[in-house]
Every structure is written in C-alpha cells, then in structure tokens.
Amino acid sequence: MNPVLVFGYGNPGRGDDGAGPALIERLETLALPEVACFTDMQLQVEHIEDMAGRELILFVDADASCDGQLHFSEISEEKDGSYTSHAMSPHALLHAYRQVYRSHPPPTFLLRIRGYQFELGESLSNRASANLDEAIAFTRMLCNTPEISRWRSFAIADD
C-alpha cells in the first residue's frame with residue numbers, strides 16, 4: 001500500500017470545482033512511487049477505507065474563498081453538519097474514521113485551490129487553471145518528500 005494518499009474531489013462539470021480531480025489526473029501521469037491517487041465528486045463515508053493504513057493524506061478541493069492561489073493547512077477530525085449527509089467535509093470524514101477504526105486518522109492536510117467560476121457546464125477558467133499549475137507543482141514537491149515535519153513546515157494555521 002502506498003503510504004501517501006492524495007484525494008482530489010469536486011465536480012468537473014461545474015467549472016473550477018473540477019480543480020481537485022484535474023490535479024489527480026495530472027498527478028497520476030507522474031507515477032510517483034509512494035503516492036496513491038483517488039478522486040470523486042464528493043467525499044463520502046466509504047472513503048475512510050481508502051485512508052486506512054496511510055502515513056499521510058492530502059485532500060485537494062477548489063475553493064472560492066482562498067485569499068491567494070492556494071491554501072495548505074493541516075486539518076483534524078470534527079463532527080460537523082455534513083456528518084450525516086451524503087457529501088462530507090474532510091473534517092467529518094476524519095471524525096468518521098475515528099469512530100469506525102477507534103484510532104486517530106493519519107496526519108491529514110487540505111490543499112484548497114482558488115476557483116472563480118462554478119457554473120454548471122463550464123470548464124476550468126484560465127485563472128483557476130494557472131492556480132492548478134501551482135497546486136500541481138506544490139503537490140509534487142510534497143509527495144517527493146513525504147515526511148510529516150516537512151509537510152507541517154508549509155502548512156498555514158487556520159484561525
């Protein structure tokens with residue numbers, strides 16, 4: 001089993017919301033030896049099985065509220081309103097992991113890619129595409145050094 005899981009989620013049919021899956025598509029072409037790449041339109045409780053046995057996890061999603069091109073942070077488990085929904089937040093997924101496996105989830109990070117257009121039927125905007133290029137370079141750098149201390153050195157604390 002690959003020690004690093006990179007999981008991109010979002011809807012490619014909704015413009016910039018497809019940035020997460022687009023990152024996975026490009027990352028898979030690099031065939032990084034220690035990295036497993038998964039994608040889906042949304043996070044669901046079944047995805048905790050994909051997380052088991054990993055050393056590091058990176059979720060990747062588009063976000064219209066990022067101040068810059070990217071936002072990289074370490075996240076923790078949290079029971080939120082999405083816990084009982086068909087689509088879950090990464091925090092709620094970590095909470096579900098803890099409930100099912102009765103142990104702490106692996107260290108987990110969230111990379112948010114700034115998106116601008118999320119309309120149905122749109123493709124990735126030019127600005128989001130440029131941000132995606134930055135995100136791919138950043139993710140590749142992380143995956144080439146899969147060490148928790150290194151990843152934490154790049155993380156921005158969320159307030």
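Two strands count as paired here if DSSP finds at least two bridges between them, and the strands themselves (E, at least two residues), like the helices (H or I, at least four), are DSSP runs numbered from the N terminus. With that in hand, His71 stands opposite Arg112 in S5. The model is a predicted one, so local features need pLDDT of at least 70 and side-chain atom pairs count only at pLDDT 80 or more, while totals for chains, interfaces and linings use all residues. Residues are numbered from 1 along each chain as its sequence is written, and side-chain values use heavy atoms, with hydrogens and water left out.

On to the sheet. It is open and built from 5 strands in the order S2-S1-S3-S5-S4, with mixed pairing. Strand S2 (35-40) and S4 sit at the edges with a single partner strand each, so one side of each has no neighbour in the sheet. On average, neighbouring strands are turned by 20° against each other, direction ignored; axes are lines fitted to C-alpha atoms, for helices over the stretch in contact, and angles run from 0 to 180 degrees between N-to-C directions. S1 and S2 run parallel and are joined by 6 bridges, with Tyr9 opposite Asp40 in S2.

Two helices pack on this sheet. Helix H1 (residues 19-28) touches S1, S2, S3 and S5, and its direction makes about 135° with that of S1; contact means heavy atoms within 4.5 Å. H3 touches S1, S3, S4 and S5, and its direction makes about 20° with that of S4.

As for S5, 7 of its 7 residues are buried, so the strand is largely enclosed by the rest of the structure. Buried means under 20% relative accessible area, against over 50% for exposed and partly exposed in between (1.4 Å probe, protein chains only). Both faces of S5 are covered, with Thr108, Leu110, Arg112 and Arg114 on one side and Phe109, Leu111 and Ile113 on the other. S3 runs parallel to S5 through 7 bridges, and Leu58 has Phe109 as its bridge partner in S5. S4, in turn, runs antiparallel to S5, with 6 bridges joining them.

Back to H3 (residues 90-101): its 12 residues reach 16 Å from first C-alpha to last, close to the 16 Å expected at 1.5 Å a residue, the expected span being 1.5 Å times one less than the number of residues. Its buried residues are Pro90, Ala92, Leu93, Leu94, His95, Ala96 and Tyr97. Their cover includes strand S1 (4-9), helix H2 (48-51), strand S3 (56-63), strand S4 (70-75) and strand S5 (108-114). After H3 comes Arg102, with a positive phi near 55°.
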